[in-house]
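Subject: Model for your review

Hello,

Here is the model we talked about handing over. Please look through it alongside the notes that follow.

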Amino acid sequence: MADASGLDALRSIVGHPHVLDDPEVTASYRTDWTARWVGTCRAVVRPADTSEVAAVVRWCSSNGVHIVPQGGNTGLVGGAVPSAGDVVLSTLRLSSIGEVDDRSGQVTAGAGATVAAVEAAARAAGWRYGVDFAARESATIGGSVATNAGGHHVVRHGMTRRQVIGLEVVLADGSVVSHLGGLVKDNTGYDLGALMCGSEGTLGVITSARLALVPDAGERAVALVGFDSVDAAVAAIGPLRRAIPELEALELMFADGIASVAEVIGASPPLGDVAVMLLVEVAGGHDPIAVLGDAVGRLDGVVAVAVADDATRRADLWRWRDAHTETISRVGTTPPHKLDVTLPLPRLARFIAEVRSLVATVAPEARLWLFGHAGDGNIHVNITGLAPDDESVVAAVLELVASMGGSISAEHGIGRAKRQWLHLNRSPAEIAAFRSIKRALDPTATFNPRVLLPEIEATSEGVERS
Ligand code: FAD
Ligand code: 2HG
Ligand code: ZN
């Protein structure tokens, strides 16, 4: 439990009701979405604005207290889970959203605004937000910038980093760097905002973001396309991307995932007994349903198709994809081990075959679930039925990914979950450069010290080693 004077100092900054220290009340802030990681903390502090964030940071850094920034706590790599003595700095009260500027197609959103709220504000003004994923109702702008979130529309609009025009960030000494003017062209030195994208709460607290919106493309159509083999489904990715300039999403699913979703939602699989499927969304252009039909009609290995153009039927098809995470989290008695990897597209089909036989060999008792953002070469590898601390399959899968030229994190980040494997993708020189950046911006090691960078071991010669 926290020392009373520390809590009093924090309460004097944010107000008594916004410093939580009762373990029952803080439980949801200390437990990650999958419930795989449960931490402890000194307190959860909920500042109302940037100046309160700055004062909390100043107090923590001058008192040697670690801060774990937290938004919606939907992260899947344990990055927002505190350890004893930490302060969880929740941004949920920084949820304001400014007016959409129709000339630039931009909006400024507080770090605690949800992705869904930004999308709603954009839509109301005739625009859209280019990032979307199933956790949209809880995931925040701060968290999605800090993880450089991907999601369903990367194939068209890119990752979160591409939407960020500028940020406001509180650094470890409590200073505020603010770059929210909205200039698209601005070559005045280092791009601190870009550095914060994907920094996972290790460099500062993002308090606000200036975001680029995308034009509302207009009419949409969605097709769920079943194939007779994984090779055929993967081979369709290039032709679909080439044939459909307005391609908004290209998602991969398998029969076992669909069957589990069917059980949970109480519906029959939409294509019946089909082993592998692509969900394809087209937005805009002239007659998207005809564009889809024409492109799908030219593919090899197609065995079934369901098409939707009205909003309700499109949402029905999307539900099969969006419900995967929730459904898999209910399988078995222990939380799933979740990996999100990218492969070079030419090796994707081989990876899918090899990861299946690898997991069957290394952990025959486990169940493997594969699905993901096919257009980006991004496969989500979920493994259920493992003991929570069993990392042997994780190591084997990540080593396979790296040996095939892939990335051990496509979009969820490194967090706690994968920090010991960062070396599979980053050279010693890169990790040393990361540490220099961390030391320069956070010399007191205040922010999220247990994520992203590998733990430093002290050797018998007293030398530190990553
Ligand atoms: P949190 O979980 O609160 O934090 C995540 C990380 O960001 C932590 O390291 C934290 O310290 C840091 N952080 C949070 N806020 C700030 C801030 N203001 N300043 C500095 N650091 C901060 N992710 C994808 O990329 N694509 C998907 O398709 C996707 N789908 C998902 C579906 C489901 C059902 C779920 C549960 C999760 C999904 N995710 C996905 C993962 C998750 O939603 C994203 O990583 C999201 O961006 C996290 O946002 P958050 O606000 O919940 O962040
Ligand atoms: C998705 O694409 C998310 O649905 C979550 O990134 C993936 O549950 C997962 O592993
Ligand atoms: Zn994803």
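Two strands, β16 (367–373) and β17 (378–384), each give at least two residues to the shell around ligand 2. Please keep in mind that this is a predicted model, and that the values below are computed from it.

The shell around ligand 2 consists of Leu-76, Arg-321, Thr-325, Lys-338, Phe-371, His-373, His-380, Asn-382, Glu-411 and His-412. Sorted by class, that makes two nonpolar, five polar and three charged residues.

Polar side-chain contacts to oxygen atoms of ligand 2 are as follows:

- Thr-325: a polar side-chain atom lies 2.7 Å from an oxygen atom of ligand 2.
- Lys-338: an N or O atom in the side chain is 2.8 Å from an oxygen atom of ligand 2.
- His-373: a polar side-chain atom is 2.9 Å from an oxygen atom of ligand 2.

On its own, ligand 2 has 290 Å² of accessible area, and the protein covers 93% of this. The space that ligand 2 takes up is the largest pocket.

Now to ligand 1. There are 36 residues around ligand 1, and those that come nearest are Pro-69, Gly-71, Thr-74, Gly-75 and Thr-140. The class count for the shell around ligand 1 is 13 nonpolar, 21 polar and two charged residues.

Which atoms of the protein lie 2.9 Å from ligand 1 at Asn-73 and Ile-206, backbone or side chain? At Asn-73, a backbone N or O atom lies 2.9 Å from an oxygen atom of ligand 1. At Ile-206, a backbone N or O atom is 2.9 Å from a nitrogen atom of ligand 1. Asn-448 uses its side chain instead: an N or O atom there is 3.2 Å from an oxygen atom of ligand 1. Taken alone, ligand 1 exposes 980 Å², of which the protein buries 96%.

As for the secondary structure, β3 (67–70), α5 (141–146) and β9 (205–212) are the elements that give two or more residues to the shell around ligand 1. The largest share comes from α5, with four residues. The space taken by ligand 1 is also the largest pocket.

To put the two sites together: the protein covers 93% of the accessible area of ligand 2 and buries 96% of that of ligand 1. The space of ligand 2 is the largest pocket, and this is likewise stated for the space of ligand 1.

Regards

Technical notes
Residues numbered from 1 in each chain as written. Chains lettered and ligands numbered in written order. Predicted model: local features only at pLDDT ≥ 70, side-chain atom pairs only at ≥ 80, totals over all residues. Heavy atoms only, no water. Near = heavy atom within 4 Å. Polar contact = N/O pair within 3.5 Å; in protein donor to acceptor, adjacent residues only side chain to side chain. Areas by Shrake-Rupley, 256 points an atom, 1.4 Å probe, with all protein chains shown as cover. 1 Å grid on protein atoms, 1.4 Å probe; cavity = no way out; pocket = protein on both sides within 12 Å on 5 of 7 lines; lining within 4 Å. Sits in = over half its atoms within 2 Å of the grid points. Nonpolar A, V, L, I, M, F, W, Y, C, P; charged D, E, K, R; others polar.
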